[in-house]
Amino acid sequence: MIFTSPEFLAFAGVFFLGYALLPLQFQKVYALGASYLFYASFNPKYLLLLLGSAALHYGVSLGIDRSRSTLWRRVLLCSSLVISLGLLAFFKYYNVLADATVAGLGAFGMQAGLPLLHTAVPLG
């Protein structure tokens, strides 16, 4: 679903109308569900990635909240950041690294066939 498409305009209209009509206590859940639906409309595989990431960070936030140890809180936070930034780096730079590796090996007369990911980086 592209932002300039008629489908997106319909989706946005339905979303904002539903959001305005819902009681305040349900608006956050509604917005979260609409966000998941939006990502799933582009590529359902991204929804799994988004759900996994959300579950991980929710679990980490619970661990940080329940922990009394400053050290453990920092470990949880840093682990969460490393995983998130690692996923972003993988999806954003894997193809560049694979192309550079193949070209570098080719300069020395070696051949390598690394598979490329044919994905767009999900925003958000």
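Analyst: A helix here is a DSSP run of H or I with at least four residues, and such elements are numbered from the N terminus. In these terms, Gly113 belongs to the segment that follows H4. Please note that the model is predicted.

User: Why does Gly113 count as exposed?

Analyst: The relative accessibility of Gly113 is 73%. Exposed means over 50%, and therefore Gly113 is classed as exposed. In space, the C-alpha atom of Gly113 lies 44 Å from that of Leu71, and 42 residues separate the two in sequence.

User: What makes Thr101 partly exposed?

Analyst: Thr101 is located in helix H4. Its relative accessible area is 31%. Buried means under 20% and exposed over 50%, with partly exposed in between, so Thr101 is partly exposed. Thr101 and Leu114 stand 13 residues apart in sequence, with 8.5 Å between their C-alpha atoms.

User: How is Gly52 classed, and on what value does the class rest?

Analyst: Gly52 sits in helix H3, which covers residues 44–66. The relative accessibility of Gly52 is 37%. That value falls between the limits of 20% and 50%, and Gly52 therefore counts as partly exposed. Between the C-alpha atoms of Gly52 and Ala40 there are 14 Å, for a separation of 12 residues along the chain.

User: Is Ser67 buried or exposed, and how do you know?

Analyst: Ser67 is part of the loop between H3 and H4. Its relative accessibility is 9%. Buried means under 20%, so Ser67 counts as buried. Apart from its neighbours within four places in sequence, Ser67 is in contact with Trp72 and Arg73.

User: Why is H1 described as roughly antiparallel to H2?

Analyst: Helix H1 spans residues 6–21 and helix H2 residues 24–42; their axes come within 10 Å and cross at roughly 165°. An angle over 145 degrees counts as roughly antiparallel, and H1 is therefore roughly antiparallel to H2. The crossing of H1 and H2 is right-handed.

User: Which residues of H1 and H2 meet?

Analyst: From H1 come Phe8, Phe11, Val14, Phe15, Gly18 and Tyr19, and they meet Gln27, Tyr30, Ala31, Ala34, Leu37 and Phe38 of H2. By class, this contact of H1 with H2 has 10 nonpolar residues, 2 polar and no charged.

User: What makes up the largest nonpolar core?

Analyst: The largest nonpolar core has 7 residues: Phe8, Phe11, Ala12, Phe15, Ala34, Phe38 and Tyr39. H1 and H2 are the elements that give two or more residues to this core. H1 provides the largest share, 4 residues. They form a core because such a set consists of buried nonpolar residues joined through side-chain atoms within 4.5 Å.

User: What makes H3 roughly antiparallel to H4?

Analyst: The axes of H3 and helix H4, residues 70–107, come within 8 Å and cross at roughly 165°. The cut-off for roughly antiparallel is over 145 degrees, so H3 is roughly antiparallel to H4. H3 and H4 cross in a left-handed manner.

User: Which residues bring H3 and H4 together, and how do they divide by class?

Analyst: Leu49, Leu56, His57, Val60, Gly63, Ile64 and Asp65 of H3 meet residues of H4, among them Arg73, Leu76, Ile83 and Phe91. The contact of H3 with H4 holds 9 nonpolar, 4 polar and 2 charged residues.

User: What is the composition of the contact of H2 with H3?

Analyst: The axes of H2 and H3 come within 6 Å and cross at roughly 145°. H2 contributes Tyr36, Tyr39, Ala40 and Phe42, while H3 contributes Pro44, Tyr46, Leu47, Leu50, Leu51 and Ala54. The residues of this contact of H2 with H3 comprise 10 nonpolar, no polar and no charged.

Methods
Residues numbered from 1 in each chain as written. Predicted model: local features only at pLDDT ≥ 70, side-chain atom pairs only at ≥ 80, totals over all residues. Heavy atoms only, no water. Axes fitted to C-alpha atoms, helices over the stretch in contact; angles between N-to-C directions. Parallel < 35°, antiparallel > 145°, perpendicular 65-115°, else oblique. Left-handed = near helix turned anticlockwise from the far one by under 90°. Contact = heavy atoms within 4.5 Å. Nonpolar A, V, L, I, M, F, W, Y, C, P; charged D, E, K, R; others polar. Buried < 20%, exposed > 50% of the residue type's maximum accessible area, 1.4 Å probe, protein only.
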